[in-house]
Amino acid sequence: MTGNVLVAGAGSSLARAVAEGLARRGHGLVLAARDAAEAGRTAADLGLRLGVPAAALGFDARDAAATAALVSRAEAALPGGLSGVVVAFAAMPAQEEVERDPAAGLEMTDVNVGSTMALLEAAAALLAERPGSFLCAFSSVAGDRGRRKNYAYGATKAALSVALEGLSARLAPKGVTVLCVKPGPADTAMSWGLFPPGSPLVARPETVAEDVLSALSRGRSVVYTPWFWRPVMAVLRALPAAVFRRLPV
C-alpha cells in the first residue's frame, strides 16, 4: 500500500491509531474531524514525527452532502491524490435514549448510514479506476445480531456491513480492496464507562489498528478485532432465536 489516505473521523482514538499505523508505513494523511483544529494538531504531530505529508480538514458527519464532499476536498489536499479512505466516525446514543426520543435514533441513522454511505459512494467513484487502492469502514460486532441492549445502534451497523459487502463485490474486479472492520468494545470515549476497568473484552486502539492494517495488506474483506470476536459471534449467530432472546445481552 502506498499513497495518501483520507481518515474521516480522526478525532477518535481508533482513527488516530490507524492513522499513525498508516503513516509508519509511509502513507500521506488527510485527517478529517468535526474539530478541525484538533485534526490539524494530530496531522502536524504525525507529519513531524514520521516524516509524511499530512493535512487536516473539518466536517460535520450530520451533513451527508458535506461528508461526501470530503472526498474531493481530500483529493486536492495533498499532491498525488488519494489511494485509500478510512471511515471511522459514528454516533452511539444509549438504547434507552433512542427508545425515549425517536429523534436520537434518526440522527444516529443519518450519521452511521446516510453520511457514511454518502462518503463511501463518493470514494468508490474516485477509487474505482485506481487498482491497489482501498476503502475501509468501521462497522461493529453489534451489527451481527440484534441484542436487546443496543439493537438500534446494531441495526445501523448491520446496514453498513451489508453495504460494504456489496461494495466489495462491485470493486474487487477493479482491484480495489473494501474492508469491513468489526471491532468489539474498544478503549474509546464512545465506550467509556460501559465496562469495568481492565476488562479483557475492551481492546486497545493500537491492537485494533494493527489488525486493520494487517487485513488491508492481505486484501481481506472482513476483519473481527480482536480476533476472538469472530468465533464468539459465530456462536451467537448460530443460536436459535428462542434461545438468543433469553440471553441477558
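Valine 85 has leucine 135 as its bridge partner in β5. β4 and β5 pair in the parallel sense, over four bridges. The model is predicted. β4 and β5 belong to an open sheet of seven strands with parallel pairing.

**The sheet**

- The strand order is β3-β2-β1-β4-β5-β6-β7.
- β3 (54-58) and β7 (222-225) are the edge strands, and each of them pairs on one side only.
- On average, neighbouring strands of this sheet are turned by 15° against each other, direction ignored.
- In a regular strand, side chains alternate between the two faces of the sheet.

- β4 covers residues 82-87.
- This strand is mostly covered, with six of its six residues buried.
- β1 is joined to β4 by five bridges, and the two run parallel.
- Asparagine 4 has leucine 82 as its bridge partner in β4.

**Strands β2 and β3**

- β2 spans residues 28-33, and five bridges join it to β3.
- These two strands also run parallel.
- Leucine 29 has alanine 54 as its bridge partner in β3.

**Helices across the sheet**

- Helix α4 (residues 70-77) lies across β1 (4-8), β2, β3 and β4.
- Its direction is at about 155° to β3.
- Helix α6 (residues 102-127) lies across β1, β4 and β5 (134-138).
- α6 runs at about 165° to β4.

**Glycine 219**

- Glycine 219 sits in the loop between α8 (205-217) and β7.
- Valine 178 is 41 residues away along the chain, yet the C-alpha atoms of glycine 219 and valine 178 are separated by 8.1 Å.

**The second largest pocket**

- The second largest pocket has a volume of about 220 Å³.
- Its lining is made of 15 residues.
- Arg16, Ala17, Glu20, Gly21 and Glu206 lie nearest the centre of this pocket.
- Two or more lining residues come from each of α1 (13-24), α2 (36-50) and α8.
- α1 gives the largest share of the lining, six residues.
- By class, the lining has eight charged, four nonpolar and three polar residues.

Methods
Residues are numbered from 1 along each chain as its sequence is written. This is a predicted model: local features need pLDDT of at least 70, side-chain atom pairs count only at pLDDT 80 or more; totals for chains, interfaces and linings use all residues. Side-chain values use heavy atoms; hydrogens and water are left out. Two strands pair if DSSP finds at least two bridges between them. Axes are lines fitted to C-alpha atoms, for helices over the stretch in contact, and angles run from 0 to 180 degrees between N-to-C directions. Contact means heavy atoms within 4.5 Å. On a 1 Å grid over the protein atoms alone, a cavity is a set of points where a 1.4 Å probe fits but cannot get out, and a pocket is an open set with protein on both sides within 12 Å along at least five of seven lines; lining residues have an atom within 4 Å of a point. Grid points are joined across faces, edges and corners, and a volume is the space filled by probe spheres set on the points. Ala, Val, Leu, Ile, Met, Phe, Trp, Tyr, Cys and Pro count as nonpolar, Asp, Glu, Lys and Arg as charged, and the others, Gly among them, as polar. Buried means under 20% relative accessible area, exposed over 50%, partly exposed in between (1.4 Å probe, protein chains only).
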